[in-house]
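Please keep the sequence and the structure in view while working through the numbered points.

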Amino acid sequence: MASGIGKHKILNVGPTEPWSVREKLCLASSVMRSGDQNWVSVSRAIKPFSEPGRPPDWFSQKHCASQYSELLEATEAPKLV
């Protein structure tokens, strides 16, 4: 039992359940209003729109920034003509 194998904790960096379309739209709208550097305002603005049963930290500044980054990565950039 001297080895530490199997005793590491898994660090949870964000919500494990996916965000709803409504939550993503609220996030994107809030970022459009407040900018992508003001996560305090973004987080506060979208908390009232959470789905039932979400934990209190669901819209934390860190999770909002992470989710917005995922949205940007998943979005196809418009093609210029």
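1. Glu-23 has a relative accessible area of 0% and is therefore buried; buried means under 20% relative accessible area, exposed over 50%, and partly exposed in between (1.4 Å probe, protein chains only). Please note that this is a predicted model, in which local features need pLDDT of at least 70 and side-chain atom pairs count only at pLDDT 80 or more, while totals for chains, interfaces and linings use all residues. Residues are numbered from 1 along each chain as its sequence is written, and side-chain values use heavy atoms, with hydrogens and water left out.

2. Which residue forms a salt bridge with Glu-23? The partner is Arg-54, and the closest N and O atoms are 3.0 Å apart. A salt bridge is a side-chain nitrogen of Lys or Arg within 4 Å of a carboxyl oxygen of Asp or Glu. Arg-54 lies in the loop between helix 2 and helix 3, whereas Glu-23 is in helix 1, so the pair ties together parts that are 31 residues apart in sequence. Helices here are DSSP runs (H or I, at least four residues), as are strands (E, at least two), numbered from the N terminus.

3. Arg-54 also forms a salt bridge with Glu-17, with 3.1 Å between the closest N and O atoms. Glu-17 belongs to the segment before helix 1 (21-34) and Arg-54 to the loop between helix 2 (39-46) and helix 3 (61-74), so this pair ties together parts 37 residues apart in sequence. Arg-54 counts as buried because its relative accessibility is 18%. A search of the whole structure finds 2 salt bridges, and Glu-17, Glu-23 and Arg-54 are linked in a network of them.

4. The chain has 3 helices and 0 strands. Of its 81 residues, 23% count as buried. Among contacts (heavy atoms within 4.5 Å) with a separation of 6 or more, residues 24 or more positions apart account for 57%.

5. Which residues of helix 2 are buried? They are Trp-39, Val-42, Ser-43 and Ile-46. Seen down the axis of helix 2, the buried residues fall within an arc of 95°, so they line one face of the helix; the arc is that of the directions from the helix axis to the C-beta atoms. Helix 1 and helix 3 are included in what covers these residues.

6. Not counting residues up to four places away in sequence, Trp-39 touches Leu-27, Val-31, Gln-61, Cys-64, Ala-65 and Tyr-68. Ser-43 counts as buried because its relative accessibility is 5%. With the neighbours up to four places away in sequence again left out, Ser-43 touches Phe-59, Ser-60, Gln-61 and Cys-64.

7. The largest nonpolar core has 11 residues, including Trp-19, Cys-26, Trp-39, Trp-58 and Cys-64. Helix 1, helix 2 and helix 3 each supply at least two residues of this core. A nonpolar core is a set of buried Ala, Val, Leu, Ile, Met, Phe, Trp, Tyr and Cys residues joined through side-chain atoms within 4.5 Å.

8. How many disulfides does the structure hold? There are 0, a disulfide being a pair of cysteine sulfur atoms within 2.5 Å. Cys-26 is buried because its relative accessible area is 17%, and Cys-64 counts as buried at 0% relative accessibility.
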